[in-house]
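Below are some brief notes for a colleague opening this structure for the first time. Please read them with the sequence and the model side by side.

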Amino acid sequence: MSGTAATDSGLMSIGSVLNTLRDEFPDITISKIRFLESEGLVEPRRTPAGYRKFSADDVERLGHVLRMQRDHYLPLKVIREHLDAMERGEAVRLPALGRQRSGEAVPEPDEGPTAARIGRDELLAAAGIGEQELTEWESYGLVAPLADGAYDAEAVTVASLVVQLGRFGIEPRHLRLMKAAADREAGLVDQVVAPLRRHRNPQTRAHAEARTRELAGLAVKLHAALVQTALGVRLS
């Protein structure tokens, strides 16, 4: 990949890349793509005017990154090492998948999955916000640091969505109701899978993680459908 100005045909704008990836990754945002670029995981070319232009290989690489985050909970440093090994033609062994396909057994993981994390400065840069804004959002519980002061990768998505809603005049304080609803939904999911997580069998515990992701996905879809119904809006 090259960071030089792009003159070749067939290159894609960041908006086109976003639309291409959204089929598989509905939560992807331009901020997330820019963040992955800032982390050196993709290096789009630049036009003389400075616009990003992505090749098909760039889009494929982004897909690999997002799958490794989604399915294997890998931190960005490990993802970068895997991609470098793949480019060298080396065989890459990934950790056990965090989800289960129908009819497939859940493999026992060697170790617990490691969630991707970012620092506070990285979150500010990815979301394009200032320290004061992030502090305010934390006061409302919209984003929260982990015990070591870092943030999980989903914090980037949350921050990006808060920014986008703000463009419509919806302030962070207005989103406390959404946060409270999300906490109640998460509590319901935890209640259902708690017996599986406490099981002595490692495969059963692994199945609990797959069940959690499945239930979370259904809860998100139901929430979206209920909101659309309440608004009388049908979205394709």
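Predicted model: local features only at pLDDT ≥ 70, side-chain atom pairs only at ≥ 80, totals over all residues.

1. R67 is a residue of helix α3. Leaving aside residues up to four places away in sequence, R67 is in contact with E24, F25 and H72. Between the C-alpha atoms of R67 and I79 there are 10.0 Å, and the two residues stand 12 residues apart along the chain.

2. Helix α3, which spans 56–72, also takes part in the packing around α1. The buried residues of α1 pack against this helix, against α2 (30–38) and against β2 (52–53).

3. Which residues of helix α1 are buried? Within its span, residues 14–22, they are I14, V17, L18 and L21. Viewed down the axis of α1, these buried residues fall within an arc of 105°, and therefore they line one face of the helix.

4. How do α1 and α2 cross? Their axes come within 10 Å, and the crossing angle is roughly 105°. This makes α1 roughly perpendicular to α2, because angles from 65 to 115 degrees are put in that class.

5. On the α1 side, the contact is made by I14, V17 and L18, and on the α2 side by I30, I33 and R34. By residue type, the contact of α1 with α2 has five nonpolar residues, one charged and no polar.

Note on methods: Residues numbered from 1 in each chain as written. Heavy atoms only, no water. Buried < 20%, exposed > 50% of the residue type's maximum accessible area, 1.4 Å probe, protein only. Helix = DSSP H or I, 4+ residues; strand = E, 2+ residues; numbered from the N terminus. Arc of directions from axis to C-beta. Contact = heavy atoms within 4.5 Å. Axes fitted to C-alpha atoms, helices over the stretch in contact; angles between N-to-C directions. Parallel < 35°, antiparallel > 145°, perpendicular 65-115°, else oblique. Nonpolar A, V, L, I, M, F, W, Y, C, P; charged D, E, K, R; others polar.
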